[in-house]
Amino acid sequence: MQMDLFSFDSSDSLEKIEEEIRSCTKCPLAKTRKNAVPGEGGFKRKVMFIGEAPGRWEDIKGRPFVGAAGKYLDELLASIGLSREDVYITNIVKCRPPGNRDPTDEEISLCSPYLERQLAVMKPRVICPLGRFSAKYILEKFGFAMKSISAVQGKVFRGKDVIIIPMYHPAAALYHGQWKPALERSFKILREVLDESP
Ligand code: URA
């Protein structure tokens, strides 16, 4: 049965979750990280972007998407009239995997309860998973089938209480330049979805 991600312990809060993430020692990434990266943003439009895991700059600064992929994400947001004040940005895994390797299944399963609590407390109207790990996690949590990232990116999945728009990861689109137009189109689709009920 599909889990109800939006039911939660009413004593939980974003601040409490962020504090727990910053001092978390549940997995070995705690030993190699400089800073855990809980997430941040103004969330005015109730849109949540979920990336994979912090990279080098995010680890140094303790903030999500502050490197090259973050600069591109800011440009994509600006291209549809949004800023970081409008959206919350986080990752499935909150600490940097050494050398920017992919997160392991174990790291995802130990860390994802934090994301689930963030979702439950914040109740986003629209979730934009960035990249294949995040798209698979979120689509399956809300009862949708994950095919490949290229098959699901830019599509609009309408659930009971949430709309999911999986997108290519900005870092992947910077690396594979041919994915940029699709990612830019996904942002236009997000704009259209937000305009449906402003
Ligand atoms: N890539 C991610 O998935 N998350 C970040 O915070 C930065 C780069």
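The structure is a predicted model, in which local features need pLDDT of at least 70 and side-chain atom pairs count only at pLDDT 80 or more, while totals for chains, interfaces and linings use all residues. Residues are numbered from 1 along each chain as its sequence is written, and side-chain values use heavy atoms, with hydrogens and water left out.

Which residues of helix 6 are buried? They are F133, S134, A135, Y137, I138 and L139, where buried stands for under 20% relative accessible area, exposed for over 50% and partly exposed for what lies in between (1.4 Å probe, protein chains only). An α-helix has 3.6 residues a turn, so residues three or four places apart point the same way. After helix 6 comes G143, with a positive phi near 85 degrees.

Attention now turns to the open space in the model. The largest pocket has a volume of about 650 Å³. On a 1 Å grid over the protein atoms alone, a pocket is an open set of points with protein on both sides within 12 Å along at least five of seven lines, whereas a cavity is a set where a 1.4 Å probe fits but cannot get out; lining residues have an atom within 4 Å of a point. Grid points are joined across faces, edges and corners, and a volume is the space filled by probe spheres set on the points. The lining of the largest pocket holds 28 residues, and E52, A53, H169, A171 and A172 lie nearest the centre. Two or more lining residues each come from helix 3 (56-61), helix 4 (68-79), helix 6 (132-141) and helix 8 (170-175). By class, this pocket lining has 15 nonpolar, 7 polar and 6 charged residues. In this scheme Ala, Val, Leu, Ile, Met, Phe, Trp, Tyr, Cys and Pro count as nonpolar, Asp, Glu, Lys and Arg as charged, and the others, Gly among them, as polar.

The ligand has G51, E52, A53, E58, P64, F65, N91 and H169 around it, each with a heavy atom within 4 Å.

The whole structure contains 1 cavity of 30 Å³ or more.

Is E107 buried or exposed? E107 counts as buried because its relative accessibility is 6%. Leaving aside residues up to four places away in sequence, E107 touches C27, L29, V93, R101 and D102. The side chains of E107 and R101 make a polar contact of 2.7 Å, a term for a pair of N or O atoms within 3.5 Å; within protein, one must be able to donate a hydrogen and the other to accept it, and residues adjacent in sequence count only if both atoms are side-chain atoms.

R101 itself sits in the loop between strand 3 and helix 5 and is partly exposed, with a relative accessible area of 35%. With the same exclusion of residues up to four places away, R101 touches L29 and E107. R101 and G55 are 46 residues apart in sequence, yet their C-alpha atoms are 9.4 Å apart in space.

Backbone angles complete the picture. Most residues other than glycine have a negative phi, and most peptide bonds are trans. N100, which is not a glycine, has a positive phi of about 60 degrees; N100 lies in the loop between strand 3 (87-91) and helix 5 and is partly exposed at 45% relative accessible area. F43 likewise has a positive phi, near 65 degrees. F43 is found in the loop between strand 1 (40-41) and strand 2, and is buried at 13% relative accessible area.

Note on methods: Helices (H or I, at least four residues) and strands (E, at least two) are DSSP runs, numbered from the N terminus. Contact means heavy atoms within 4.5 Å.
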